[in-house]
Amino acid sequence: MAFYFVQFLTGLASAASLFLVASGLSIIFGVTRIVNFAHGAFYMLGAYVAFTLTERFSGAIGFWGGIFAAGLIVAAVGVLVEMVLLRRIYHAPELFQLLATFGLTLMVEDLVVLIWGPSDLLGRRAPGFKGAVDFFGQNIPTYDLFLIGLGPVVLGVLWLMFQRTRWGVLVRAATQDRDMVAALGVNQKWLFTSVFALGVFLAALGGGLQIPRDAVHHALDLRIIVDVFVVVVIGGLGSIIGAFVAAVLVSELNAFGILIFPKISIILVFLVMAAVLIVRPWGLFGKQEAAARRTPGLTVNPWRPLTSRERMAAMAALALAAALPLIGGNYALTVGSEIAIFVIFAASLHFLMSVGGLASFGHAAYFGLGAYGVAFLAKLAGLPMIACLLLGPLLGCLGAAVFGFFAVQLSGVYFAMLTLAFAQIVWSIAFQWVAVTGGDNGILGVWPERWAASPSHFYWLSLGVAALAVASLRIIVFSPFGFALRATRDSPLRSEAIGIDGKRVQWTSFVIAGTVAGVAGALFAYLKGSVFPDSLGISLSVDALVMVLLGGVETVSGAVIGAIVYKALSIWLVSQTDLSKLVLGAVIVLIVVAFPKGIVGMLETIRSRRTQSSKSALLGSRVEIAE
Amino acid sequence: MSITPTLLSVDNLSKSYGGVHAVRGVSFALRAGEILALIGPNGAGKSTCFDMLNGQNIPDSGRINLLGEDTTGKKPRAIWRLGVGRTFQITATFPTMTVRENVQVALVSYDRQLFNLWASTPKFAQAEANRLLELVGMSGFSERPCGELAYGDLKRLELAIALANQPKLLLMDEPTAGMAPRERIELMRLTAQIARDQSIGVLFTEHDMDVVFEHADRILVLNRGSLIAEGSPEEVRRNPQVRAIYLGEGLVYDARHREGAGV
């Protein structure tokens, strides 16, 4: 019994740090509507800076002052980021800020290695909290008790700040309706900056407070960010109390899950999150998001099918790509195959995200399911390659049908988080069900048959499938179904009023996207000759998001360009420099600032400007007549 | 008039939120080709009533019979399939499509082609889409992005979308809200003309009494959730209860009407 009680206290102690980070993310999202992916990076940065400061300045003042100062220093970095980067892109399409903060995260990951080195750093123990308390034979570190007390204190301070100060009232008002707050003459810029600073400060403080408990290393950011997303979503975005309750819930699930359900310990949290979202779509303490007002002046060019000239150009580009085996060596062909596969993957997410308005954060699940489908069929059933390629993606289709049914009941950020949870569940099954999936060791020896074995043949196969997939998705975009999907995205009210069953349409699109992602995964399994849980992982899901955003969400063909640019750039950078993440992150940030509509979006804007300048005189006269 | 069939009959409809009776015991009927206005001051229950008719809100009690079918509690899309067109107080269109594509989506749905993955929507039923746009005077705008339209044109586009399923009944929630005075009259004239030509029944709510008294065949007056008057514009105008509620607007209308009659 004592053991369980101690385990409970350990959970509570972990909850303190998690709560600090999650409340920061929640506050930032509530006011600025930015899903701050870099929040984990700020947490990690807080831990590193706190490590340096506490090492340099000894004594109690040095330690506590160091952690606090680390929070302030990182908050200052946050302010800089907000003013230089985020301010420029508040009006960019939704989720574009996610791309920017993802770029930042990549940069920070390399920067901390550059500054602090790649090895784990063990921090000092907190002065005055070095010992442990004996509890019926079990040891409880006194630092844990300190953290358990700290959580409610921070909650209280935040509560007072939001209820009792003028600033807090403004923040709460902005969380409900930021346009209204702006209309009342509040300087939005500084409100956003200060909110961002507070959020980052809390994240960095959470990181600093962890150093007596945990080693500091350069993968902390991704580990915490997923937990934090889960906490924020379970608690309800924008709710501080929700973040607190959910942080305790998640920490306790982690603490006891490993004891009671060791087999499913990793997915337990995600199962609970999925259950909460299905029962309470806006989290335990969240409210339904007010519909965002459309940014005025943001007119979107309606999508057009390719003109015959453009179709010729696309065919020429394809022919050119097919000629690669004439000049490229085996390495180039393997890279080419991989790019082709990621074009398929990105195009499938683009279909869901741009056409359907459903930004999935867990699209890799269906990619990976397709890959595992192939591996099962090839290794266990011993089917020929063609059969595997055709049937393997059905596993992705099946997964998308099951998860998609629940996911499309939600929208916006909550949809994103539910898809993330589903992807994590699938990943955990692949990781923990060793008997079937081989766990971390994966399934090896999934090689293509002789007809597709040579790099050039496999390249042509991948290219052909990619061309087919992209063309098919494009046809669907302009088909009645594609329009029904866009109609549901544009105006749920109107589409329902013209007889469109929005949920069914969205579910169908989810299944289509999942199946196509499964096709990409199936090819990927053959390309690598093996399947690992990584091909279901979060980083792959994020890669796909980045490709779509980079190409341009509001374009039809952006995903193709985005996938080629991103994949080629990242493969090339890895071969050229040890700091590939730093450079890639910087490139992403630059692209975000320079072309907030993505690469293809920018090209289209330039083109439409050019054609419009010649047309505008004509158009102007027509408008006058019409009025 | 007596041989025209009843399109819509509402029987004892009620809805309350907490302790507030938004709508209580409302009953009325609407015949084919009839233009019926539902008026009342703010908070009278017009919108609640309207939302229950088109399926966005489920009544606590009472029945709604649309075109011979009991539609109480049915979804908006099911009601649309019966032949009911709908426009909204704040226009709801598809801003990322062209004007014609907006109408084409409705036509696709009417043809039950929503899950067709192959055909080209921009080429789908172009002639019919053009005809509808022509009908509402929007044919010059068919290639324009819908997001660029002025508000009055959006209202006309909405009317074209609402006509795509060859409706027998149009439900229009404040069709002229947010429009300039001249546009209002034009839009309602257009609607009335289409309704009479095609013998479509129209139920609309409206705040502008000029529009109501000029175009409605019959008027229902709602106050605090209950129907307090029903009849021809002339009858409603003379009703002392209605005058009490609509003191300002009623008198203004009377004055203008007399001026008009005097000329």
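Helices (H or I, at least four residues) and strands (E, at least two) are DSSP runs, numbered from the N terminus. By this assignment A:T52 is found in helix α2 of chain A, residues 39-56. The structure is a predicted model, in which local features need pLDDT of at least 70, side-chain atom pairs count only at pLDDT 80 or more, and totals for chains, interfaces and linings use all residues. Residues are numbered from 1 along each chain as its sequence is written, while chains are lettered from A and ligands numbered from 1 in the order in which they are written.

Chain A is considered first. Its secondary structure comes to 28 helices and four strands. The C-alpha trace of chain A spans about 75 × 70 × 50 Å along its principal axes. The radius of gyration is taken over C-alpha atoms, and the globule rule is 2.2 Å times the number of residues to the power 0.38. For 627 residues a compact globule would have a radius of gyration near 25 Å, and the 25 Å of chain A therefore agrees.

Burial is defined by neighbour counts: a residue is buried if 20 or more other C-beta atoms lie within 10 Å of its own, exposed if 12 or fewer, and partly exposed in between, with C-beta atoms placed from the backbone. Of the 627 residues of chain A, 54% count as buried. Two residues are in contact if their C-beta atoms, placed from the backbone, lie within 7 Å. Among contacts in chain A between residues at least 6 apart in sequence, 79% join residues at least 24 apart.

Chain A is divided into domain 1 (20-219) and domain 2 (337-541), with bounds that come from an automatic or database domain assignment. The centres of the two domains, taken over C-alpha atoms, are separated by 35 Å.

Individual residues give further reference points. A:T52 has 17 C-beta neighbours inside 10 Å and therefore counts as partly exposed. The C-alpha atom of A:T52 is separated by 58 Å from that of A:R311, 259 residues apart along the chain. A:G156 has its place in helix α5 of chain A, residues 142-164. A:G156 counts as exposed because it has 10 C-beta neighbours inside 10 Å. Between the C-alpha atoms of A:G156 and A:E55, 101 residues apart along the chain, the separation is 30 Å.

Helix α26 of chain A (residues 558-576) has 19 residues and reaches 26 Å from its first C-alpha to its last, close to the 27 Å expected at 1.5 Å a residue. The expected span is 1.5 Å times one less than the number of residues. Buried residues in α26(A) include A:G558, A:V560, A:I564 and A:Y566.

Two strands pair if DSSP finds at least two bridges between them. In chain A, four bridges join strand β1 (residues 132-135) to strand β2 (residues 138-141), and the two run antiparallel. A:F135 has A:Q138 in β2(A) as its bridge partner. The hairpin of β1(A) and β2(A) has two residues between the strands, and A:F136 takes a positive phi near 45 degrees there.

The contact between the chains takes 30 residues from chain A and 34 residues from chain B. On the side of chain A that touches chain B, the elements that give two or more residues are α21 (455-478), α22 (480-490), α23 (492-497), α24 (502-528) and α28 (598-626). Of these, α22(A) gives the most, with eight residues. By class, this side has 17 nonpolar, seven polar and six charged residues. Here Ala, Val, Leu, Ile, Met, Phe, Trp, Tyr, Cys and Pro count as nonpolar, Asp, Glu, Lys and Arg as charged, and the others, Gly among them, as polar.

In chain B, five of the five residues of strand β3 (residues 35-39) are buried, so the strand is largely enclosed by the rest of the structure. In a regular strand the side chains alternate between the two faces of the sheet. Both faces of β3(B) are covered, with B:I35, B:A37 and B:I39 buried on one side and B:L36 and B:L38 buried on the other. Strand β3(B) is joined by four bridges to the parallel strand β8 of chain B, residues 201-205, where B:L36 stands opposite B:L203. It also pairs in the parallel sense with strand β9 of chain B (residues 218-223) over four bridges, and there the bridge partner of B:L36 is B:R218.
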